[in-house]
Amino acid sequence: MTSPSTTIRPVDSPAIVWFRRDLRVADNPALHHAVERGGPVVPVFILDADPEDGPRPPGGAGRWWLHHSLERLAETLRGLGSPLVLRRGDAVAILAEMAEALGAEAVMWNHDHDPGAAARDDKVREALTAKGIAVESFNGALLVEPEAIRSKAGTPFKVFTPFWKTLSTGHDPARPLPAPAGLRAPAGGVASDRLEDWGLLPVTPDWAGGLREDWVPGEAAAGERLTDFLDEIVRDYRTGRDRPGRDGTSRLSPRLRWGEISPRQVWHAARMRADDGLEPAIEAFLREIGWREFTHGLLVTNPDLGTEPMDKRFNKLRWRDDDAGVEAWRRGKTGYPIVDAGMRQLWQTGWMHNRVRMITGSFLVKDLLARWQIGEEWFWDTLVDACPANNTANWQWIAGCGADPAPFFRVFNPVLQGRKFDPEGDYVRQFVPELAELPNRYIHEPWNAPTDVLAKAGVELGTTYPNPIVDHGTARDRALAAFREMRAAA
Ligand code: FAD
């Protein structure tokens, strides 16, 4: 029997749940634990004001996604009973002031592995604990926290395969937590900014038409996409994932980046399907989720992953300064159809197929011999899934200077890649419509098409579509020479 002194009374002082890269209510450990306390819950999102101090500010496409994802999250939280509070500025000051004003007992959040975010969180923790306010933080972004995956020597893995073996066989990611049935709001409500006043959406010009056509941000849409993917698309994942002209991958990347869905939800939902003869496809898919875990671990141990090559010899590589070439790359006007299709897909839809990210990345870094950081920054601004760990680690990988990298001497041939992975030219035709009438044989190399074939397809090279801005063979030799020189100097 419970004595009167131990009767559990409802807690009246609220807990603040600080949302960041976890814009969901299901499998949200911070929210779950705040609700478990039994008291009122104040959900807050803070737009960091100082780009020098804190997480890397999202680029244009990321801001677009964030706006819409916050809209959805706010609707959900309102429905659950406690509206989302929006604030802009210094998180340390805002949370300290808000916790005091509300008489909050605790502030809870899920980890963000962006080094700037982690440094900011340390300051918040310090300021709150100094005021006697409890701080609790949780893993909501990864299957397993990076510190828990170590080699036998106790060091972080630098190579993916053993990392993945250790994670996938030695760890059992926790089961996802349910969404709360309801939330108690604090008495009196809390003042909030208006999302529209944050200016996250592009206005003049409004370049987001293609993003609106392709994407519906938010937790509900993320769950639907996961179901569609696991019901159908995953069956063909092992080959479909390399075909940019097909809807052959999960397209969960922006959802994972913004935390509309958790990797644990993905992991357990996928594992449940693995017995329908789908095991190899599911394993191939989860391996990609494993890459995401790997890159986050790399970022934690290499906070300057976005700027400093892991292989320091690459600081000595004689990169070229070719502003016109880089601009042609950004605009999808290099004269190589698969490269241009990728760069235009990125610009129009805020996303690019993985195979084409590798081809366009290789083209920038090797054919143009431009610094990989230039590509990283462009992707950061234009990808809806631009992720502080995935973008940086993959650019280092493609440049050959990261952990477990593609060797620098592996130079993607844009014509052969196009022929192999877009054999019917569907992808090029979709994003480079001025080449749509070319026969398959020339779709990846229009400069080799006879004059009458070009004329019949309405293509005038140099006018309706550019001539190649570099000769791939010559550019490849130039890159390899620069690489050899760098190695000799090291
Ligand atoms: P799926 O094939 O369905 O994979 C499922 C999930 O696994 C992805 O959503 C993603 O979270 C993860 N994943 C897949 N491939 C990788 C990978 N190579 N590295 C790390 N995680 C991976 N991914 C991002 O999420 N954000 C980025 O900013 C980003 N920048 C990239 C830059 C370059 C130069 C390259 C080559 C790759 C980059 N990637 C990035 C990785 C990959 O291209 C995307 O994750 C993938 O295309 C997203 O599509 P999807 O969700 O359909 O992938």
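Domain bounds used here come from an automatic or database domain assignment. This is a predicted model: local features need pLDDT of at least 70, side-chain atom pairs count only at pLDDT 80 or more, and totals for chains, interfaces and linings use all residues. Residues are numbered from 1 along each chain as its sequence is written.

**View 1. The shell around the ligand.** At least three shell residues come from each of domain 2 (142-176 + 217-303) and domain 3 (312-488). Of the 27 residues around the ligand, Thr-249, Ser-250, Asn-354, Asn-391 and Asn-394 come nearest. A residue is near if its C-beta atom, placed from the backbone, lies within 6 Å of the molecule. The shell has 11 nonpolar, 9 polar and 7 charged residues. Here Ala, Val, Leu, Ile, Met, Phe, Trp, Tyr, Cys and Pro are nonpolar, Asp, Glu, Lys and Arg are charged, and the others, Gly among them, are polar.

**View 2. Helices of the shell.** At least two shell residues each come from α9 (253-257), α11 (279-301), α14 (354-367) and α16 (390-399). Helices are DSSP runs (H or I, at least four residues), numbered from the N terminus.

**View 3. Tyr-237.** This residue lies in helix α8 (residues 237-240). Tyr-237 is buried because 21 C-beta neighbours lie inside 10 Å; the cut-off is 20 or more other C-beta atoms within 10 Å, placed from the backbone. Beyond four places in sequence, Tyr-237 contacts Gly-248, Ala-281, Ala-284 and Phe-285 (C-beta atoms, placed from the backbone, within 7 Å).

**View 4. Phe-285.** Helix α11 holds Phe-285. Phe-285 is buried, with 26 other C-beta atoms within 10 Å. Outside four places in sequence, Phe-285 touches Val-234, Tyr-237, Ser-250 and Ala-270.

Technical notes:
A residue is buried if 20 or more other C-beta atoms lie within 10 Å of its own, exposed if 12 or fewer, and partly exposed in between; C-beta atoms are placed from the backbone. Two residues are in contact if their C-beta atoms, placed from the backbone, lie within 7 Å.
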